[in-house]
Amino acid sequence: TLTPSLYAQVKNAALAYEQQEINYESAKSTISLSVFKNYYEILYEKENLSLCEKNLETKKKQYKSNLEKFNRGMLNQVDVLSAQINYQNTELTFETQKINLESNIAIFKQILGIPQDQEIEFSGNFNGLFNFKKITGESIQINSPSVALLEKQLESARNSLLLNRFKIYGPSLTASYNYSTTYIADGFEKSSNGGSLSIGASFPLDGFMPWSSSSQLINSSKDNIESIELKLEDEKESIRIKSESLVKKINQCVDNLKVRKDSIKLAETNYDMTLKAYNYGTRDLLTLQAAQDSLLSSKVNLIAEANTMVVSICELENICGMVPGTLLGENK
């Protein structure tokens, strides 16, 4: 049996396979995005924990120093208690951040399929990102997997319309052939041969009737095409808006990193001056603690800004269909 729809059926199968290929690549990209984001989140947590640990050591030394001064009658009890409370609060913060880091490492292992009892080491830092250059929208080539999938779905929907039209309006040709041989034994062997050939054609008529189910199927296929076209245009516009927003966010982070690096220098200068003044007795303990907290906050804000920028870069690469790490590598 030969029908015009045979071509469309074969193409439908090919398009379905291509859609699954896009889905597969999209799934890999999603996993890669999760790996990159969790990796940098762990780096951020590690650096944050390291800063908190150094702060904890400083608070501990400060508390012991104040306690010794109090025992020698050189400091009042209020400053000792204040230093003790500050030290204990910092210790609680350190333990909380340690738990957060362990939790993120467990999630990272789960994403990669690594056994939870296996030890892994994380190398790298955010230093290379502090000199990251601004990017422009013109330098970004958008090849979004979601857009590619919708385009393939649109192609498949148009082919399905063609398939339905072939089924409803196209003729169906049938051909069959039969051949047989008969042997007769009557003293000597004889044979008789015979065969038949039949050819037929059929033409469906219900497709020409507007109220028929076949006509409704054609209309439904057309509506499906229009719906996918609208989704495709909406997705393209959404990707454009998201990419432009992420580019602006990344460039803003670049500017913020410069400001935050300068803030650290100012905070270090302020802390050193306040510490000297405290040792000379011209500044109280609360002022020194405020200067120390300001310095720690400036350092944490710097790596937090770098982490925010990396996450935005990873998301931009993902929605534009880039290989993870492309923009980071090009910007070195």
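**Notebook: salt bridges, buried residues and a surface patch**

I began with glutamate 237, which is partly exposed because its relative accessible area is 37%; buried means under 20%, exposed over 50% and partly exposed in between, with a 1.4 Å probe and protein chains only. I note that this is a predicted model, in which local features need pLDDT of at least 70 and side-chain atom pairs count only at pLDDT 80 or more, while totals for chains, interfaces and linings use all residues. Residues are numbered from 1 along each chain as its sequence is written, and side-chain values use heavy atoms, with hydrogens and water left out.

**Entry 1: the overall layout**

I counted six helices and two strands in the protein, taking helices (H or I, at least four residues) and strands (E, at least two) as DSSP runs numbered from the N terminus. Read along the sequence, these elements follow the pattern α-α-α-β-β-α-α-α. Of the 332 residues, 34% count as buried. For contacts, meaning heavy atoms within 4.5 Å, I looked up those between residues at least 6 apart in sequence, and 79% of them join residues at least 24 apart. The accessible surface comes to about 20,500 Å², and 53% of this area belongs to carbon and sulfur atoms; areas come from the Shrake-Rupley method with a 1.4 Å probe, and for residues only the protein chains shown count as cover.

**Entry 2: salt bridges**

I found 11 salt bridges in the structure, where the term stands for a side-chain nitrogen of Lys or Arg within 4 Å of a carboxyl oxygen of Asp or Glu. Glutamate 237, where I started, pairs in this way with arginine 240, and their closest N and O atoms are 2.5 Å apart. Both residues lie in helix H4, three residues apart, which is about one turn of the helix. Arginine 240 is partly exposed, since its relative accessibility is 35%.

I then turned to glutamate 305 and arginine 260, whose side chains meet in a salt bridge at 2.9 Å, N to O. Glutamate 305 belongs to helix H5 and arginine 260 to helix H4, so this pair ties together parts that are 45 residues apart in sequence. Glutamate 305 counts as buried, because its relative accessibility is 10%, whereas arginine 260 is partly exposed at 27%.

A further salt bridge joins glutamate 315 to lysine 37, with the closest N and O atoms 3.3 Å apart. This pair links distant parts of the chain, for glutamate 315 sits in helix H5 (residues 285–319) and lysine 37 in helix H1 (residues 5–71), 278 residues apart. Glutamate 315 is partly exposed, with a relative accessible area of 28%, and lysine 37 counts as partly exposed at 28%.

**Entry 3: lysine 152**

Which residues are linked with Lys152 in a network of salt bridges? I found Glu18 and Glu155 there. Lysine 152 lies in helix H3 (residues 145–169), and a relative accessible area of 18% is why I list this residue as buried. The side chain of lysine 152 makes a polar contact with the side chain of glutamate 18 at 2.9 Å; a polar contact is a pair of N or O atoms within 3.5 Å, where within protein one must be able to donate a hydrogen and the other to accept it, and residues adjacent in sequence count only if both atoms are side-chain atoms. Not counting residues up to four places away in sequence, lysine 152 touches Leu15, Glu18, Gln19 and Ile22.

**Entry 4: serine 243 and the cysteines**

Is serine 243 buried or exposed? Serine 243 counts as buried, because its relative accessibility is 7%, and its place is in helix H4 (residues 213–279). A polar atom of the serine 243 side chain lies 2.8 Å from the backbone oxygen of arginine 240. Leaving aside neighbours within four places in sequence, serine 243 is in contact with Ile142, Leu316, Ile319 and Cys320.

Cysteine 320 is itself buried at 1% relative accessibility, and cysteine 52 is buried at 5%.

**Entry 5: a nonpolar patch**

On the surface I noted a nonpolar patch formed by Tyr177, Tyr179, Leu197 and Ile199, with about 540 Å² of accessible area together. Patches are made of residues with over 30% relative accessible area and no salt bridge, with like charges joined within 9 Å and nonpolar side chains (Val, Leu, Ile, Met, Phe, Trp, Tyr) within 5 Å. Strand S1 (172–185) and strand S2 (189–202) each supply at least two residues of the patch. Tyrosine 177 is found in strand S1 and counts as exposed, since its relative accessibility is 59%.
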